[in-house]
Amino acid sequence: MEDEAQATFSSGSGSEFTEYWIDWFLGVRGNEYFCDIDIEYVKDRFNLTGLNQHVDRLSYLIDVITDAHSIDESQPEAVKLRIEENAKYLYSLIHARYILTPRGLVKMSEKFKSGDFGYCQRQYCKLQALLPVGISDVPKVYPVKLYCPSCQDLYNPKSSRHHSIDGAFFGTSFPAMFLQAYPELVPTHSTQIYIPKVFGFQLHEHAKLTRWRVHQRDKYVKNLLENNVNLSGPGGYVEDTDEKPTGKR
C-alpha cells in the first residue's frame with residue numbers, strides 16, 4: 001500500500017512520529033517560522049532553477065521531500081544524516097521562493113496573524129506582530145531577523161532555537177512583498193518617543209536629541225501632507241496615548 005511505502009520520521013523528541021516528510025520537518029523544534037510548501041510547487045522544476053548549485057542529487061532530494069522515496073535505512077548513519085540535512089537545506093531554499101508567491105503569502109499571513117513570529121517588545125509598538133526577514137539572499141551569511149512593521153526596525157529572535165536559522169530561507173524581499181499584498185495589515189505608526197528624565201526633568205543632552213528627532217519627524221510628516229499622502233490609514237502616523245497593546249502575549 002502507498003501509505004506503508006512512505007517513510008516514518010521522528011520529530012527528534014523520540015516520542016512523536018509522522019509519515020510525511022514535510023509534516024516532520026515543520027514539527028521539528030526551531031522550525032516554527034517555516035510554512036507548509038505545496039507539493040506541486042516542489043515538484044515543478046521551474047521553481048527550483050539554480051538550486052542544484054547548492055545541493056547534490058537534487059532529484060533524489062525532491063523525492064525525499066515529496067515522499068516519493070524514503071531514505072534507505074540500510075545506508076550508514078552518516079550517509080542518512082547527510083541526506084536528511086541536504087533535504088532540509090533544499091526545502092528551506094525553496095521556502096524563500098515559495099513565500100513570495102500568492103499561495104505562500106496567504107500561508108505566511110496566517111502565521112503572522114497568529115503571532116508565530118513573535119511580537120515587537122518596543123513599548124510604543126504595542127506588541128505589533130513581527131515578520132521574518134533575511135539581511136542577505138545569499139545562504140550562510142546572516143541569520144534570520146525579525147522586522148517590525150510599526151517601528152520599521154530589525155530584531156533578533158527572542159528564542160535561542162531560532163538564532164541559527166539562515167536569513168536566506170526567508171529572503172530580503174519578504175516583508176515588503178507581504179505588506180504590499182496585505183496593505184490592511186500595515187499598522188499606523190505612533191509618534192510617541194520615550195524621553196529619559198531624572199526626577200521629572202529632562203537631561204540636557206537627551207532633551208536636545210529628542211527635539212531633533214521630533215523636528216525630523218515633523219518635517220517628514222509635513223512633506224507627506226504636502227504630497228497629499230493620507231496619514232490616517234495603514235502606514236500613517238497617529239498621536240496615540242493609549243497604553244493598551246494591540247497584539248497577543
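A nonpolar patch here is built from residues with over 30% relative accessible area and no salt bridge, whose nonpolar side chains are joined within 5 Å. Keep in mind as you click around that this is a predicted model.

Stop 1: Select I135, V138, V141, Y142 and L154: together they make a nonpolar surface patch of about 440 Å². Now pick out I135, which sits in the loop between strand 3 (131–133) and strand 4 (145–147). I135 has a relative accessible area of 43%, so it counts as partly exposed.

Stop 2: Is K43 buried or exposed? Its relative accessibility is 51%, so K43 counts as exposed. You'll find K43 in helix 3 (residues 39–43).

Next, jump to K111 in helix 6 (residues 102–113). At 13% relative accessibility, K111 is buried. Leaving aside residues up to four places away in sequence, K111 touches E32, Y33, F34, C35, D116 and F117.

**Stop 3: the aromatic rings.** How many aromatic pairs does the structure hold? There are 14. Start with W21 and Y91: their ring centres are 5.8 Å apart and their planes meet at 50°, so this pair is tilted. W21 belongs to helix 2 (residues 21–27) and Y91 to helix 5 (residues 77–98), so the pair ties together parts 70 residues apart in sequence. Both are buried: W21 has 0% relative accessibility, and Y91 has 0% too.

Then select Y33 and F170, an edge-to-face pair at 6.3 Å centre to centre, with 70° between the planes. This pair links distant parts of the chain, 137 residues apart: Y33 is in the loop between helix 2 and helix 3, while F170 is in the loop between strand 5 (154–155) and helix 7 (174–181). Y33 is buried at 2% relative accessible area, and F170 is buried at 1%.

**Stop 4: charges over rings.** Stay with Y89 and bring in K140, whose charged end sits over the ring of Y89, 5.1 Å from its centre. To finish, select R57 and Y60: R57 lies over the face of Y60, at 4.3 Å from the ring centre.

Terms used
Residues are numbered from 1 along each chain as its sequence is written. This is a predicted model: local features need pLDDT of at least 70, side-chain atom pairs count only at pLDDT 80 or more; totals for chains, interfaces and linings use all residues. Side-chain values use heavy atoms; hydrogens and water are left out. Helices (H or I, at least four residues) and strands (E, at least two) are DSSP runs, numbered from the N terminus. Buried means under 20% relative accessible area, exposed over 50%, partly exposed in between (1.4 Å probe, protein chains only). Patches are made of residues with over 30% relative accessible area and no salt bridge: like charges are joined within 9 Å, nonpolar side chains (Val, Leu, Ile, Met, Phe, Trp, Tyr) within 5 Å. Accessible areas come from the Shrake-Rupley method with a 1.4 Å probe; for residues, only the protein chains shown count as cover. A salt bridge is a side-chain nitrogen of Lys or Arg within 4 Å of a carboxyl oxygen of Asp or Glu. Contact means heavy atoms within 4.5 Å. Rings of Phe, Tyr and Trp (its six-membered ring) pair if their centres lie within 6.5 Å; planes under 30 degrees apart count as stacked, over 60 as edge-to-face and the rest as tilted. A charge sits over a ring if NZ of Lys or CZ of Arg is within 6 Å of the ring centre and within 35 degrees of the ring normal.
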